[in-house]
Amino acid sequence: MSLILQKLNNIRSLRAMAREFSIDVLEDMLEKLRIVTEEKRADEQEMRQERVQQQEKINAWLELIKADGLSPEELLKGNSTLSQGPAKRKARPAKYRFTDTNGEEKTWTGQGRTPKPIAHALANGKSLDDFLI
């Protein structure tokens, strides 16, 4: 809480601050505070009414769903395939074969970063066609 709010929320601090103002200024502040308070109450009441209306709509839809012989769980279960997201694509087949520094034979699809053994061979004048499967 800010320092001003702490002072406004404490009766002793309010009395000390009130000594510096005339009664007209204090009444003007009080009227402005009442306006702000009424606006806040109106906003909260509007939010409550919106929540009640939304709940009434939900209940109406649930009644329609039940009248058709469905349950909300069935609706959610039927929609589960959409929420899983797109299917992953298949792994690409390997196009190139090479031997790594440990002597193991490995493959590369041609996508992504070029493996170091192939990159070194290409730098030394070999062609990528030399590694084709």
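**The hairpin and its surroundings**

Guide: Start with D100, which counts as buried at 14% relative accessibility. Buried means under 20% relative accessible area, exposed means over 50%, and partly exposed lies in between, with a 1.4 Å probe and protein chains only. This is a predicted model, where local features need pLDDT of at least 70 and side-chain atom pairs count only at pLDDT 80 or more, while totals for chains, interfaces and linings use all residues. Residues are numbered from 1 along each chain as its sequence is written, and side-chain values use heavy atoms, leaving out hydrogens and water.

The side chain of D100 meets that of K106 in a salt bridge, 3.7 Å from N to O. A salt bridge here is a side-chain nitrogen of Lys or Arg within 4 Å of a carboxyl oxygen of Asp or Glu. K106 is partly exposed, with a relative accessible area of 38%.

Now look at the strands. β1 covers residues 96-99, and β2 covers residues 105-108. Helices (H or I, at least four residues) and strands (E, at least two) are DSSP runs, numbered from the N terminus. β1 and β2 run antiparallel, and four bridges join them. Two strands count as paired if DSSP finds at least two bridges between them. Five residues sit between the strands of this hairpin, and G103 takes a positive phi near 85°.

Read across the pair. F98 stands opposite K106 in β2. R97 stands opposite T107 in β2. R97 also has a salt bridge, formed with E105, and the closest N and O atoms are 3.1 Å apart. R97 counts as partly exposed at 38% relative accessibility. E105 is exposed, at 59% relative accessible area.

Next, follow the side chains along β1. They alternate: Y96 and F98 point to one face and are buried.

Six residues make it up: Y96, F98, W108, I118, A121 and F131. β1 and α6 (116-123) are the elements that give two or more residues to this core. Such a core is a set of buried Ala, Val, Leu, Ile, Met, Phe, Trp, Tyr and Cys residues, joined through side-chain atoms within 4.5 Å. In soluble globular proteins, nonpolar side chains tend to be buried together.

What does I118 touch? Leaving out residues up to four places away in sequence, I118 touches Y96, F98, W108, L128 and F131. Contact means heavy atoms within 4.5 Å.

I133 lies in the segment after α6. I133 counts as exposed, at 55% relative accessibility. Beyond neighbours within four places in sequence, I133 is in contact with A94, K95, Y96, R97 and T107. M47 is another matter: the C-alpha atoms of I133 and M47 are separated by 67 Å, and the two are 86 residues apart along the chain.

Now step back to the whole chain. There are six helices and two strands. From the N terminus on, the order is α-α-α-α-α-β-β-α. The C-alpha atoms fill a box of roughly 95 × 60 × 20 Å along the principal axes. The radius of gyration is 36 Å, whereas a compact globule of 133 residues would have one near 14 Å. That radius is taken over C-alpha atoms, and the globule rule is 2.2 Å times the number of residues to the power 0.38. Of the 133 residues, 7% count as buried.

Helix α3 covers residues 23-67 and holds both D28 and K32, four residues apart, about one turn of the helix. D28 forms a salt bridge with K32, where the closest N and O atoms are 3.3 Å apart. D28 counts as partly exposed at 39% relative accessibility. A search of the whole structure finds four salt bridges.

Helix α1 (residues 3-8) holds K7. K7 is partly exposed, at 36% relative accessible area. Neighbours within four places aside, K7 is in contact with S13, L14 and M17. K7 and M17 are ten residues apart in sequence and 8.6 Å apart in space, C-alpha to C-alpha.
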